[in-house]
Amino acid sequence: MPEALVFPILGRSFRAQAADGPLKNWLLEHWCFEEHDAAAHPFRIVLERIPPPGKLEGEPVSARLPDVTLPALRVGSASWVLGDRRAGVRLVLEACSAGIELWQDPPDRLPHAALFLALSESLRWSGLLPLHASIASSRSNVTAFLGASGTGKSTTLLQAVRAGRRPLAEDFAWLDPETLSVYGWDRGVHLHPESLDGPAREFASLGWGSAVGGKLFLPFDRRGTTVRQGTLTRLVALEPAYDAASRWEPLPPREAVRALWESLGVPLSDLSRDAAAARIPEILTRLATARLLLGRNPLPL
Amino acid sequence: MTTLPPTARLTVPPELIETDLTSELILLDPTTQEMFSLNDSGRVAWLALRTSDLAGAVDAVVRTFEVTHEQAETDVRVLVTRLLESGLLSRSA
């Protein structure tokens, strides 16, 4: 029987029973960031492996990640089944804990997306907010660049680094709405190969490697000193405007609400959804906001 | 403009995201992406509609701002009409 894998996730305790092989490697790669310094939190997450269940029952619901929609069933108000009978997870949320049961058949059919979603929902439930953004840090600012997939978050981050900022996240971070602390969840920059023929062509010589899904990957440590966490000070909504000049503009409050809401993703739980919505005003009143038009000339970073 | 009776009560869709920035209140329906920004008087009317009927919202605007009852009723009815059309409000059964 493999040993349990135990490490903190942003101060929350995490224990995976019998995590070995691909599961252990995946958990360490995507969820174990020893460099994060987060305050201890009483929330507990326990992951257990179980045999594939005979039958899955519940109310069909939508379970979405930026790149994938999963088959999902809601079972009561705080329990979901994600995936299918061959590979999936059952998530049960309680007041101060989350239980995740994982099954997979054959053993190498790890339900990555379902597991990612279950762990993400657990962290949401514990009070954190996921932030789909690239984030750059300077001495005076920690800026999150928001935008839908393909808007230019990664390229903007590369340009910000070239302008002297330090990368904190390329695509995904966790935000503590109490403290506005952000924790980077990426280990480098991913780009579609065609980006190096287009908006990111000036970065084509940086020594990109291959990554899963046909993307290119550049580890952060090749782009200068990386920071892994900071206190968010500014939200910037990115907007492509290829026929115009790149420039800063004020961001109307309504557009700031939309940009922030969209960057927070879609929670499974109604309670988490309401909690995220309730956090938006207090977050926006504490942060500077702006729009950055991504035009034909270099960005004014 | 809506011809709802003063006693009409209105319902907010459960999925609506409501962001009160104090100087401005923003409504976002994440399903339809419909968005609405309410100014000071619209915000007062909206907040009143959460707990009272149309007449109550008009009274709240009159109490808060130096406007006549007639002007307040016109403004509230215009607002409610637009919110109903946008699906950001519906009539209570």
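Which residue in S21(A) is the bridge partner of A:Pro240? Select A:Leu294 and you have the partner. A word on the ground rules: this is a predicted model, where local features need pLDDT of at least 70, side-chain atom pairs count only at pLDDT 80 or more, and totals for chains, interfaces and linings use all residues. Residues are numbered from 1 along each chain as its sequence is written, while chains are lettered from A and ligands numbered from 1 in the order in which they are written.

Now show strand S21 (residues 288-294) of chain A beside S19(A): they run parallel, joined by seven bridges. Strands here are DSSP runs of E, at least two residues, numbered from the N terminus (helices are H or I, at least four), and two strands pair if DSSP finds at least two bridges between them.

Finally, colour chain A by domain: domain 1 (5-126) and domain 2 (130-294), with bounds from an automatic or database domain assignment. Their C-alpha centres lie 25 Å apart. At the meeting point, 17 residues of domain 1 are in contact with 12 of domain 2. On the domain 1 side, H2(A) gives the largest share, five residues.

Conventions. Two residues are in contact if their C-beta atoms, placed from the backbone, lie within 7 Å.
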